[in-house]
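Biologist: I'm new to this one and would like to learn how to read it feature by feature. Can you show me the structure and walk me through it?

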Amino acid sequence: MSEGPESYESAVERLEQIIDRLDSGQAGLRETLDLCREGRELVTYCAAELDAVGEGLQELRLDELAAKLEQPAE
Amino acid sequence: MDLPGPFPVGRYAKTLRDELRKRARVRLIGEVTSLRQTPKQAYFELRDGEGAVPCTIWADELERLKLPDGALRDGAEFVVAGGPDYFIGSAASSPSFSFRATHLRLAGEGDLLARLDGLRKQLRAEGLFELQKQLARPLLPRTIGVVTAESGAARRDLLAGLRRRGWAGTIVWAFAPVQDRRAAPAIAASIQELAARPEIEAIVVTRGGGSLVDLWAFCDETLCRTVAMLRVPVVSAVGHERDSTLIDDVAAVACSTPTHAAEAAVPLDCLAARSGLERSAASLQRAGEGAVGARARHLAALARGPGRALKRERIALNQKTREIRAASERGIAERSSFQRRIALVVLDRAARRAAGPEAKQRREALRRAEVAFRAHDPERTLERGYALAEDAAGEPVTSAAAAVAAGRVRLRFADGRVGAEIESDGGGHERGA
(Lines give C-alpha, C1' and ligand atoms only; values in the text may rest on other atoms or scores of the structure.)
Protein backbone atom coordinates (compact mmCIF):
# COMPACT_ATOMS: atom_id res chain seq x y z
CA MET A 1 0.00 0.00 0.00
CA SER A 2 1.83 3.02 -1.26
CA GLU A 3 -0.64 5.65 -0.03
CA GLY A 4 -2.48 5.85 3.27
CA PRO A 5 -6.27 5.54 3.38
CA GLU A 6 -8.33 8.65 2.76
CA SER A 7 -10.38 8.29 5.91
CA TYR A 8 -11.21 6.01 8.78
CA GLU A 9 -14.33 4.80 6.97
CA SER A 10 -12.46 3.94 3.77
CA ALA A 11 -9.81 2.13 5.86
CA VAL A 12 -12.45 0.08 7.69
CA GLU A 13 -14.26 -0.70 4.46
CA ARG A 14 -11.05 -1.96 2.84
CA LEU A 15 -10.16 -3.92 5.97
CA GLU A 16 -13.53 -5.68 5.85
CA GLN A 17 -12.97 -6.55 2.19
CA ILE A 18 -9.56 -7.99 3.04
CA ILE A 19 -10.85 -10.13 5.87
CA ASP A 20 -13.76 -11.38 3.74
CA ARG A 21 -11.28 -12.36 1.02
CA LEU A 22 -9.00 -14.12 3.49
CA ASP A 23 -11.94 -15.89 5.13
CA SER A 24 -13.07 -17.14 1.72
CA GLY A 25 -9.87 -19.21 1.53
CA GLN A 26 -9.55 -18.43 -2.16
CA ALA A 27 -6.46 -16.25 -1.93
CA GLY A 28 -3.15 -17.82 -2.90
CA LEU A 29 -0.04 -17.55 -0.76
CA ARG A 30 1.32 -14.40 -2.40
CA GLU A 31 -2.07 -12.66 -2.29
CA THR A 32 -2.64 -13.76 1.30
CA LEU A 33 0.70 -12.33 2.42
CA ASP A 34 0.06 -9.07 0.51
CA LEU A 35 -3.45 -8.78 2.01
CA CYS A 36 -2.13 -9.46 5.50
CA ARG A 37 0.50 -6.75 5.13
CA GLU A 38 -2.04 -4.25 3.77
CA GLY A 39 -4.50 -5.23 6.51
CA ARG A 40 -1.91 -4.70 9.24
CA GLU A 41 -1.16 -1.25 7.85
CA LEU A 42 -4.88 -0.43 7.89
CA VAL A 43 -5.22 -1.69 11.46
CA THR A 44 -2.27 0.51 12.44
CA TYR A 45 -3.85 3.50 10.72
CA CYS A 46 -7.26 2.91 12.36
CA ALA A 47 -5.68 2.40 15.76
CA ALA A 48 -3.83 5.70 15.36
CA GLU A 49 -7.09 7.43 14.41
CA LEU A 50 -8.79 5.99 17.49
CA ASP A 51 -5.83 7.00 19.62
CA ALA A 52 -6.15 10.54 18.28
CA VAL A 53 -9.64 10.80 19.80
CA GLY A 54 -8.92 8.69 22.84
CA GLU A 55 -6.21 10.48 24.71
CA GLY A 56 -8.33 13.03 26.55
CA LEU A 57 -11.05 15.46 25.65
CA GLN A 58 -9.79 18.89 24.69
CA GLU A 59 -12.24 21.76 25.04
CA LEU A 60 -11.68 25.08 23.29
CA ARG A 61 -13.81 28.20 23.10
CA LEU A 62 -14.52 29.72 19.74
CA ASP A 63 -14.14 33.25 21.09
CA GLU A 64 -10.68 32.39 22.48
CA LEU A 65 -9.63 30.82 19.18
CA ALA A 66 -10.81 33.89 17.35
CA ALA A 67 -8.84 36.09 19.75
CA LYS A 68 -5.70 34.03 19.12
CA LEU A 69 -6.11 34.47 15.39
CA GLU A 70 -6.35 38.20 15.79
CA GLN A 71 -3.06 38.36 17.72
CA PRO A 72 -0.09 39.30 15.54
CA ALA A 73 2.16 36.37 14.71
CA GLU A 74 5.26 36.20 16.88
CA MET B 1 -46.68 65.18 -20.61
CA ASP B 2 -50.38 64.48 -20.93
CA LEU B 3 -50.94 63.20 -17.35
CA PRO B 4 -53.77 64.69 -15.24
CA GLY B 5 -52.99 67.60 -12.91
CA PRO B 6 -51.15 69.35 -11.58
CA PHE B 7 -53.15 68.99 -8.31
CA PRO B 8 -52.38 70.74 -5.03
CA VAL B 9 -50.30 68.25 -3.02
CA GLY B 10 -52.19 68.64 0.24
CA ARG B 11 -55.41 67.63 -1.42
CA TYR B 12 -53.65 64.68 -3.08
CA ALA B 13 -52.20 63.61 0.30
CA LYS B 14 -55.65 63.61 1.90
CA THR B 15 -57.05 61.59 -1.04
CA LEU B 16 -54.23 59.09 -0.69
CA ARG B 17 -54.90 58.78 3.06
CA ASP B 18 -58.62 58.25 2.43
CA GLU B 19 -57.94 55.60 -0.21
CA LEU B 20 -55.59 53.72 2.07
CA ARG B 21 -58.07 53.84 4.95
CA LYS B 22 -60.65 52.17 2.69
CA ARG B 23 -58.44 49.06 2.39
CA ALA B 24 -59.56 46.00 4.30
CA ARG B 25 -58.45 45.69 7.87
CA VAL B 26 -56.25 42.61 8.47
CA ARG B 27 -54.05 40.90 11.04
CA LEU B 28 -50.31 40.64 10.54
CA ILE B 29 -47.83 38.43 12.39
CA GLY B 30 -44.15 39.18 12.80
CA GLU B 31 -41.36 40.16 15.10
CA VAL B 32 -41.44 43.53 16.80
CA THR B 33 -38.31 45.57 16.21
CA SER B 34 -37.22 49.19 16.63
CA LEU B 35 -39.87 49.83 19.30
CA ARG B 36 -40.20 53.47 20.32
CA GLN B 37 -42.87 54.90 22.57
CA THR B 38 -44.02 58.49 23.05
CA PRO B 39 -46.83 59.79 25.30
CA LYS B 40 -49.14 59.83 22.32
CA GLN B 41 -48.14 56.82 20.29
CA ALA B 42 -45.97 53.68 20.10
CA TYR B 43 -43.94 53.11 16.95
CA PHE B 44 -42.38 49.80 15.88
CA GLU B 45 -41.61 47.72 12.85
CA LEU B 46 -43.20 44.33 12.38
CA ARG B 47 -40.94 42.12 10.29
CA ASP B 48 -40.06 38.63 9.20
CA GLY B 49 -37.50 37.23 6.82
CA GLU B 50 -39.14 38.70 3.78
CA GLY B 51 -40.02 42.22 4.73
CA ALA B 52 -41.39 44.69 7.26
CA VAL B 53 -44.14 47.22 7.79
CA PRO B 54 -43.91 50.35 10.04
CA CYS B 55 -46.63 50.20 12.66
CA THR B 56 -48.17 52.74 15.05
CA ILE B 57 -50.70 52.47 17.85
CA TRP B 58 -52.21 55.24 19.91
CA ALA B 59 -51.04 55.17 23.49
CA ASP B 60 -54.55 55.07 24.91
CA GLU B 61 -55.47 52.11 22.75
CA LEU B 62 -52.33 50.32 23.85
CA GLU B 63 -53.24 51.07 27.43
CA ARG B 64 -56.67 49.52 27.03
CA LEU B 65 -55.13 46.23 25.77
CA LYS B 66 -53.54 45.66 29.19
CA LEU B 67 -50.59 43.69 27.82
CA PRO B 68 -48.29 42.11 30.43
CA ASP B 69 -45.44 44.33 31.49
CA GLY B 70 -42.61 44.23 29.00
CA ALA B 71 -44.56 42.07 26.59
CA LEU B 72 -44.25 44.59 23.82
CA ARG B 73 -40.53 44.64 23.21
CA ASP B 74 -38.04 44.09 20.46
CA GLY B 75 -37.89 40.47 19.36
CA ALA B 76 -41.38 39.57 20.54
CA GLU B 77 -43.68 37.82 18.10
CA PHE B 78 -46.92 39.78 17.81
CA VAL B 79 -50.16 39.56 15.98
CA VAL B 80 -51.18 43.09 14.97
CA ALA B 81 -54.68 43.96 13.75
CA GLY B 82 -55.33 47.14 11.78
CA GLY B 83 -55.02 48.72 8.37
CA PRO B 84 -52.86 51.03 6.34
CA ASP B 85 -52.89 54.72 7.09
CA TYR B 86 -51.12 57.81 5.88
CA PHE B 87 -50.14 60.78 7.99
CA ILE B 88 -50.25 63.79 5.76
CA GLY B 89 -47.76 65.70 7.87
CA SER B 90 -47.99 69.08 9.53
CA ALA B 91 -46.01 72.21 9.92
CA ALA B 92 -43.91 70.51 12.61
CA SER B 93 -43.74 66.90 11.38
CA SER B 94 -43.04 65.01 8.21
CA PRO B 95 -45.63 62.92 6.43
CA SER B 96 -45.36 59.15 6.83
CA PHE B 97 -47.01 55.86 5.98
CA SER B 98 -47.85 53.40 8.73
CA PHE B 99 -49.96 50.38 9.55
CA ARG B 100 -52.34 51.78 12.10
CA ALA B 101 -52.77 49.07 14.76
CA THR B 102 -55.97 48.96 16.76
CA HIS B 103 -55.24 45.68 18.51
CA LEU B 104 -52.07 43.79 19.50
CA ARG B 105 -51.45 40.44 21.10
CA LEU B 106 -48.48 38.21 21.68
CA ALA B 107 -48.31 35.52 19.03
CA GLY B 108 -49.41 32.14 20.40
CA GLU B 109 -48.41 28.60 19.54
CA GLY B 110 -51.11 28.36 16.90
CA ASP B 111 -49.95 31.54 15.17
CA LEU B 112 -46.36 30.34 15.21
CA LEU B 113 -47.27 26.91 13.91
CA ALA B 114 -49.17 28.47 11.04
CA ARG B 115 -46.23 30.69 10.23
CA LEU B 116 -43.79 27.82 10.62
CA ASP B 117 -45.87 25.75 8.25
CA GLY B 118 -45.66 28.45 5.61
CA LEU B 119 -41.91 28.78 6.04
CA ARG B 120 -41.44 25.04 5.93
CA LYS B 121 -43.32 24.74 2.68
CA GLN B 122 -41.30 27.52 1.18
CA LEU B 123 -37.88 26.18 2.18
CA ARG B 124 -38.81 22.68 1.15
CA ALA B 125 -39.95 23.94 -2.24
CA GLU B 126 -36.55 25.57 -2.65
CA GLY B 127 -34.83 22.25 -1.95
CA LEU B 128 -33.10 23.58 1.15
CA PHE B 129 -34.02 20.53 3.25
CA GLU B 130 -31.88 18.23 1.12
CA LEU B 131 -28.58 20.09 0.92
CA GLN B 132 -27.22 19.17 4.35
CA LYS B 133 -28.46 15.59 4.06
CA GLN B 134 -26.30 15.10 0.97
CA LEU B 135 -23.11 15.95 2.86
CA ALA B 136 -20.79 13.12 3.88
CA ARG B 137 -20.59 12.84 7.65
CA PRO B 138 -17.23 11.61 8.95
CA LEU B 139 -17.43 8.40 10.95
CA LEU B 140 -14.74 9.53 13.34
CA PRO B 141 -14.28 13.32 13.46
CA ARG B 142 -11.33 14.59 15.45
CA THR B 143 -12.84 18.01 16.08
CA ILE B 144 -16.47 19.01 16.42
CA GLY B 145 -18.03 22.42 17.00
CA VAL B 146 -20.95 22.87 19.36
CA VAL B 147 -23.38 25.77 19.62
CA THR B 148 -25.22 25.76 22.92
CA ALA B 149 -25.68 27.64 26.17
CA GLU B 150 -22.60 27.78 28.36
CA SER B 151 -24.51 26.56 31.36
CA GLY B 152 -27.20 24.06 30.80
CA ALA B 153 -28.18 20.43 30.75
CA ALA B 154 -27.68 20.19 27.00
CA ARG B 155 -23.94 20.76 27.28
CA ARG B 156 -23.64 18.22 30.07
CA ASP B 157 -25.72 15.61 28.26
CA LEU B 158 -23.75 16.06 25.06
CA LEU B 159 -20.46 15.53 26.90
CA ALA B 160 -21.86 12.44 28.61
CA GLY B 161 -22.97 11.04 25.24
CA LEU B 162 -19.52 11.58 23.73
CA ARG B 163 -17.86 9.98 26.74
CA ARG B 164 -20.10 6.94 26.46
CA ARG B 165 -18.91 6.49 22.89
CA GLY B 166 -15.32 6.53 24.07
CA TRP B 167 -14.70 9.71 22.08
CA ALA B 168 -12.25 12.19 23.56
CA GLY B 169 -11.27 14.43 20.67
CA THR B 170 -11.48 18.21 20.50
CA ILE B 171 -14.63 20.25 21.06
CA VAL B 172 -14.82 23.88 20.05
CA TRP B 173 -17.60 25.50 22.06
CA ALA B 174 -19.48 28.42 20.56
CA PHE B 175 -21.66 29.61 23.41
CA ALA B 176 -24.76 31.48 22.32
CA PRO B 177 -27.92 32.69 24.08
CA VAL B 178 -29.97 29.78 22.79
CA GLN B 179 -32.67 30.43 25.38
CA ASP B 180 -33.33 33.85 23.92
CA ARG B 181 -36.11 34.04 21.37
CA ARG B 182 -34.15 36.72 19.56
CA ALA B 183 -30.96 34.68 19.48
CA ALA B 184 -31.24 33.61 15.84
CA PRO B 185 -28.67 36.11 14.51
CA ALA B 186 -26.17 35.21 17.26
CA ILE B 187 -26.70 31.48 16.68
CA ALA B 188 -26.29 31.89 12.93
CA ALA B 189 -23.09 33.88 13.44
CA SER B 190 -21.65 31.19 15.76
CA ILE B 191 -22.48 28.41 13.30
CA GLN B 192 -20.85 30.33 10.47
CA GLU B 193 -17.70 30.98 12.49
CA LEU B 194 -17.41 27.31 13.43
CA ALA B 195 -17.95 26.25 9.84
CA ALA B 196 -15.19 28.59 8.73
CA ARG B 197 -12.62 26.64 10.77
CA PRO B 198 -11.19 23.88 8.56
CA GLU B 199 -10.48 21.45 11.41
CA ILE B 200 -14.15 21.29 12.42
CA GLU B 201 -15.76 18.27 10.78
CA ALA B 202 -19.27 18.46 12.26
CA ILE B 203 -21.33 21.03 14.13
CA VAL B 204 -23.88 20.33 16.84
CA VAL B 205 -26.58 22.89 17.68
CA THR B 206 -28.40 22.02 20.85
CA ARG B 207 -30.56 23.34 23.65
CA GLY B 208 -33.04 21.82 26.03
CA GLY B 209 -36.78 21.56 25.60
CA GLY B 210 -39.37 24.31 25.61
CA SER B 211 -42.47 25.51 23.88
CA LEU B 212 -42.40 26.48 20.24
CA VAL B 213 -42.33 30.09 21.38
CA ASP B 214 -39.19 29.37 23.42
CA LEU B 215 -37.61 27.61 20.46
CA TRP B 216 -38.70 30.19 17.93
CA ALA B 217 -35.15 31.37 17.28
CA PHE B 218 -34.48 27.97 15.70
CA CYS B 219 -37.30 28.57 13.23
CA ASP B 220 -35.72 31.76 12.01
CA GLU B 221 -35.67 31.83 8.28
CA THR B 222 -32.26 33.48 7.98
CA LEU B 223 -30.69 31.06 10.44
CA CYS B 224 -32.19 28.08 8.62
CA ARG B 225 -31.08 29.31 5.22
CA THR B 226 -27.56 29.77 6.65
CA VAL B 227 -27.49 26.22 7.99
CA ALA B 228 -28.83 24.77 4.75
CA MET B 229 -26.04 26.34 2.72
CA LEU B 230 -23.13 25.20 4.95
CA ARG B 231 -20.68 22.61 3.68
CA VAL B 232 -20.12 21.23 7.18
CA PRO B 233 -22.80 18.83 8.43
CA VAL B 234 -24.97 20.24 11.21
CA VAL B 235 -26.59 18.01 13.83
CA SER B 236 -29.55 19.67 15.51
CA ALA B 237 -30.93 18.69 18.88
CA VAL B 238 -33.30 21.47 19.79
CA GLY B 239 -36.14 20.74 22.19
CA HIS B 240 -37.48 17.29 22.69
CA GLU B 241 -39.86 16.98 19.78
CA ARG B 242 -38.20 15.89 16.59
CA ASP B 243 -38.88 18.14 13.59
CA SER B 244 -40.67 20.72 15.72
CA THR B 245 -38.31 23.48 14.64
CA LEU B 246 -37.26 24.51 11.20
CA ILE B 247 -33.56 23.94 11.89
CA ASP B 248 -34.38 20.24 12.32
CA ASP B 249 -35.66 20.22 8.76
CA VAL B 250 -32.60 21.80 7.20
CA ALA B 251 -29.95 20.08 9.34
CA ALA B 252 -28.09 16.98 8.18
CA VAL B 253 -29.47 15.08 11.17
CA ALA B 254 -32.19 16.01 13.67
CA CYS B 255 -32.00 14.43 17.09
CA SER B 256 -34.42 14.47 20.00
CA THR B 257 -31.79 14.82 22.73
CA PRO B 258 -28.21 16.07 23.15
CA THR B 259 -27.18 12.48 23.89
CA HIS B 260 -28.43 11.37 20.50
CA ALA B 261 -26.72 14.38 18.95
CA ALA B 262 -23.41 13.10 20.38
CA GLU B 263 -23.99 9.78 18.60
CA ALA B 264 -24.88 11.52 15.35
CA ALA B 265 -21.84 13.82 15.49
CA VAL B 266 -19.50 10.88 16.21
CA PRO B 267 -21.20 7.97 14.43
CA LEU B 268 -18.43 5.54 15.41
CA ASP B 269 -18.64 3.89 18.80
CA CYS B 270 -14.94 4.14 19.59
CA LEU B 271 -15.03 1.48 22.30
CA ALA B 272 -16.72 -1.05 20.01
CA ALA B 273 -14.41 -0.03 17.17
CA ARG B 274 -11.34 -0.81 19.27
CA SER B 275 -12.65 -4.28 20.01
CA GLY B 276 -13.47 -4.78 16.34
CA LEU B 277 -10.00 -3.66 15.36
CA GLU B 278 -8.43 -6.14 17.75
CA ARG B 279 -10.53 -8.89 16.20
CA SER B 280 -9.45 -7.78 12.71
CA ALA B 281 -5.80 -7.82 13.76
CA ALA B 282 -6.22 -11.33 15.17
CA SER B 283 -7.93 -12.48 11.95
CA LEU B 284 -5.06 -11.13 9.89
CA GLN B 285 -2.53 -12.80 12.16
CA ARG B 286 -4.34 -16.12 11.88
CA ALA B 287 -4.71 -15.83 8.12
CA GLY B 288 -1.03 -15.01 7.65
CA GLU B 289 0.25 -17.73 9.93
CA GLY B 290 -2.27 -20.23 8.64
CA ALA B 291 -1.34 -19.63 5.01
CA VAL B 292 2.38 -19.96 5.71
CA GLY B 293 1.94 -22.93 8.06
CA ALA B 294 -0.29 -24.85 5.68
CA ARG B 295 2.10 -24.29 2.82
CA ALA B 296 5.11 -25.16 4.94
CA ARG B 297 3.47 -28.45 5.88
CA HIS B 298 2.67 -29.03 2.23
CA LEU B 299 6.27 -28.29 1.27
CA ALA B 300 7.58 -30.58 3.97
CA ALA B 301 5.29 -33.29 2.65
CA LEU B 302 6.59 -32.65 -0.83
CA ALA B 303 10.17 -32.79 0.43
CA ARG B 304 9.49 -36.19 1.96
CA GLY B 305 7.87 -37.29 -1.28
CA PRO B 306 10.90 -38.59 -3.24
CA GLY B 307 12.08 -40.85 -0.40
CA ARG B 308 8.59 -42.15 0.04
CA ALA B 309 8.22 -42.68 -3.67
CA LEU B 310 11.51 -44.62 -3.80
CA LYS B 311 10.43 -46.79 -0.93
CA ARG B 312 7.12 -47.37 -2.60
CA GLU B 313 8.86 -48.30 -5.85
CA ARG B 314 11.26 -50.59 -4.02
CA ILE B 315 8.42 -52.43 -2.36
CA ALA B 316 6.63 -52.71 -5.68
CA LEU B 317 9.82 -53.97 -7.30
CA ASN B 318 10.37 -56.61 -4.62
CA GLN B 319 6.82 -57.69 -5.01
CA LYS B 320 7.27 -58.01 -8.76
CA THR B 321 10.47 -59.96 -8.26
CA ARG B 322 8.68 -62.37 -5.97
CA GLU B 323 5.86 -62.67 -8.42
CA ILE B 324 8.25 -63.32 -11.29
CA ARG B 325 10.13 -65.94 -9.30
CA ALA B 326 6.94 -67.63 -8.33
CA ALA B 327 5.70 -67.42 -11.88
CA SER B 328 8.91 -68.86 -13.30
CA GLU B 329 8.88 -71.73 -10.79
CA ARG B 330 5.34 -72.34 -11.65
CA GLY B 331 6.29 -72.23 -15.34
CA ILE B 332 9.13 -74.74 -14.93
CA ALA B 333 6.94 -77.08 -13.02
CA GLU B 334 4.28 -76.77 -15.63
CA ARG B 335 6.78 -77.30 -18.43
CA SER B 336 8.31 -80.35 -16.67
CA SER B 337 4.94 -81.77 -16.15
CA PHE B 338 4.17 -81.17 -19.81
CA GLN B 339 7.40 -82.82 -20.93
CA ARG B 340 6.77 -85.72 -18.63
CA ARG B 341 3.38 -86.09 -20.18
CA ILE B 342 4.94 -85.97 -23.66
CA ALA B 343 7.58 -88.60 -22.71
CA LEU B 344 4.93 -90.86 -21.30
CA VAL B 345 2.97 -90.57 -24.48
CA VAL B 346 6.11 -91.36 -26.57
CA LEU B 347 7.07 -94.31 -24.37
CA ASP B 348 3.57 -95.53 -24.39
CA ARG B 349 3.52 -95.38 -28.16
CA ALA B 350 6.93 -97.08 -28.29
CA ALA B 351 5.75 -99.80 -25.94
CA ARG B 352 2.70 -100.28 -27.96
CA ARG B 353 4.81 -100.40 -31.11
CA ALA B 354 7.13 -102.92 -29.49
CA ALA B 355 4.26 -105.16 -28.61
CA GLY B 356 2.68 -104.85 -32.02
CA PRO B 357 3.07 -106.79 -35.28
CA GLU B 358 6.42 -105.13 -36.01
CA ALA B 359 8.05 -107.06 -33.23
CA LYS B 360 8.40 -110.31 -35.15
CA GLN B 361 10.04 -108.60 -38.09
CA ARG B 362 12.39 -106.81 -35.78
CA ARG B 363 13.36 -110.05 -34.05
CA GLU B 364 14.08 -111.67 -37.47
CA ALA B 365 16.23 -108.70 -38.46
CA LEU B 366 18.09 -108.98 -35.19
CA ARG B 367 18.74 -112.63 -35.73
CA ARG B 368 20.14 -111.87 -39.21
CA ALA B 369 22.29 -109.15 -37.82
CA GLU B 370 23.57 -111.51 -35.16
CA VAL B 371 24.54 -114.07 -37.80
CA ALA B 372 26.39 -111.36 -39.76
CA PHE B 373 27.97 -110.08 -36.63
CA ARG B 374 29.11 -113.49 -35.53
CA ALA B 375 30.58 -114.04 -39.03
CA HIS B 376 32.82 -111.09 -38.38
CA ASP B 377 33.61 -111.89 -34.78
CA PRO B 378 37.42 -112.27 -34.23
CA GLU B 379 36.71 -115.22 -32.02
CA ARG B 380 35.25 -117.03 -35.01
CA THR B 381 38.46 -116.19 -36.90
CA LEU B 382 40.60 -117.59 -34.06
CA GLU B 383 38.50 -120.72 -34.08
CA ARG B 384 39.52 -121.12 -37.70
CA GLY B 385 43.22 -121.14 -36.64
CA TYR B 386 44.30 -117.58 -36.74
CA ALA B 387 46.11 -115.85 -33.83
CA LEU B 388 45.76 -112.30 -32.66
CA ALA B 389 48.82 -110.38 -31.49
CA GLU B 390 48.21 -108.21 -28.47
CA ASP B 391 50.47 -105.90 -26.53
CA ALA B 392 50.92 -105.98 -22.81
CA ALA B 393 47.79 -103.95 -22.40
CA GLY B 394 45.74 -106.39 -24.44
CA GLU B 395 45.40 -104.02 -27.37
CA PRO B 396 45.68 -105.59 -30.82
CA VAL B 397 49.09 -105.20 -32.51
CA THR B 398 48.14 -104.81 -36.12
CA SER B 399 51.48 -104.10 -37.86
CA ALA B 400 55.06 -105.43 -37.94
CA ALA B 401 56.40 -102.08 -36.91
CA ALA B 402 54.13 -102.06 -33.93
CA ALA B 403 55.25 -105.55 -33.05
CA VAL B 404 58.93 -104.58 -33.28
CA ALA B 405 58.18 -101.51 -31.18
CA ALA B 406 56.40 -103.58 -28.58
CA GLY B 407 59.27 -106.05 -28.42
CA ARG B 408 57.12 -108.62 -26.73
CA VAL B 409 53.57 -109.57 -27.61
CA ARG B 410 51.03 -112.08 -26.58
CA LEU B 411 49.49 -114.30 -29.12
CA ARG B 412 45.93 -115.11 -28.61
CA PHE B 413 44.67 -118.38 -29.93
CA ALA B 414 41.22 -119.74 -29.76
CA ASP B 415 42.13 -121.82 -26.84
CA GLY B 416 44.38 -119.39 -24.93
CA ARG B 417 47.23 -116.88 -24.94
CA VAL B 418 51.01 -117.38 -25.11
CA GLY B 419 53.85 -114.82 -24.88
CA ALA B 420 56.18 -114.27 -27.88
CA GLU B 421 59.43 -112.32 -28.46
CA ILE B 422 59.76 -110.27 -31.56
CA GLU B 423 63.03 -110.66 -33.31
CA SER B 424 64.30 -107.95 -35.45
CA ASP B 425 65.78 -109.10 -38.84
CA GLY B 426 68.09 -106.15 -39.10
CA GLY B 427 67.16 -105.01 -42.63
CA GLY B 428 63.50 -104.72 -42.02
CA HIS B 429 60.80 -106.81 -40.62
CA GLU B 430 58.79 -109.49 -42.14
CA ARG B 431 55.23 -108.98 -42.85
CA GLY B 432 53.30 -111.29 -40.57
CA ALA B 433 54.34 -112.99 -37.37
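Biologist: Let's begin with the strands of chain B: in what order do the five strands close into a barrel?

Modeller: Before the details, keep in mind that this is a predicted model. As a general idea, strands of a sheet pair through backbone hydrogen bonds, and they can do so parallel or antiparallel. Here, the barrel of chain B closes in the order S1-S2-S3-S5-S4, and its pairing is mixed. From one strand to the next, the twist averages 55 degrees.

Biologist: Could we zoom in on one pair? How many bridges join S1 to S2 in chain B, and do the two run parallel or antiparallel?

Modeller: They run antiparallel, and five bridges hold strand S1 (residues 26–37) of chain B to strand S2 (residues 41–47) of chain B. To find one in the viewer, pick Glu31(B): its bridge partner in S2(B) is Arg47(B).

Biologist: Next, the helices. Which strands does helix H1 of chain B lie across?

Modeller: Helix H1 (residues 9–21) of chain B lies across strand S4 (77–87) and strand S5 (96–106) of chain B, and its direction makes about 145 degrees with S4(B). Helix H3 (residues 109–125) of chain B lies across S1, S2, S4 and S5 of that chain, at about 105 degrees to S1(B).

Biologist: Where does Val9(B) sit, and is Val9(B) buried or exposed?

Modeller: Val9(B) belongs to helix H1 of chain B. The cut-off for exposed is over 50% relative accessible area, so Val9(B), at 66%, counts as exposed.

Biologist: What is phi near in Lys66(B), and where does Lys66(B) lie?

Modeller: Phi of Lys66(B) is near 50 degrees, again positive in a residue other than glycine. Lys66(B) lies in the loop between helix H2 (59–65) and S4 of chain B. With 70% relative accessible area, Lys66(B) is exposed.

Biologist: Is Arg197(B) buried or exposed?

Modeller: Buried: the cut-off is under 20% relative accessible area, and Arg197(B) comes in at 15%. Arg197(B) is in the loop between helix H5 (184–195) and strand S8 (202–207) of chain B. The side chain of Arg197(B) makes a polar contact of 2.9 Å with the side chain of Glu199(B).

Biologist: Let's turn to chain A. How many helices and strands does chain A have?

Modeller: Chain A has three helices and one strand, and from the N terminus on they follow the pattern α-α-β-α. Of the 74 residues in chain A, 27% are buried.

Biologist: How many residues does each chain bring to the contact between them?

Modeller: Chain A brings 34 residues and chain B brings 37. The area buried between the two chains is about 2,900 Å², with carbon and sulfur atoms giving 66% of that area. Leu50(A), Val53(A) and Leu62(A) supply 23% of the area that chain A buries against chain B, more than any other three residues.

Biologist: How many salt bridges are counted between chain A and chain B?

Modeller: Four. One of them pairs Glu49(A) with Arg142(B), with the closest N and O atoms 2.6 Å apart. Across the interface of chain A and chain B there are also 13 residue pairs in polar contact. On the side of chain A that touches chain B, H2(A) gives the most, with 14 residues.

Conventions: Residues are numbered from 1 along each chain as its sequence is written. Chains are lettered from A and ligands numbered from 1 in the order in which they are written. This is a predicted model: local features need pLDDT of at least 70, side-chain atom pairs count only at pLDDT 80 or more; totals for chains, interfaces and linings use all residues. Side-chain values use heavy atoms; hydrogens and water are left out. Two strands pair if DSSP finds at least two bridges between them. Helices (H or I, at least four residues) and strands (E, at least two) are DSSP runs, numbered from the N terminus. Axes are lines fitted to C-alpha atoms, for helices over the stretch in contact, and angles run from 0 to 180 degrees between N-to-C directions. Contact means heavy atoms within 4.5 Å. Buried means under 20% relative accessible area, exposed over 50%, partly exposed in between (1.4 Å probe, protein chains only). Buried area is the accessible area (1.4 Å probe) that two parts lose on being put together, summed over both. A salt bridge is a side-chain nitrogen of Lys or Arg within 4 Å of a carboxyl oxygen of Asp or Glu. A polar contact is a pair of N or O atoms within 3.5 Å; within protein, one must be able to donate a hydrogen and the other to accept it, and residues adjacent in sequence count only if both atoms are side-chain atoms.
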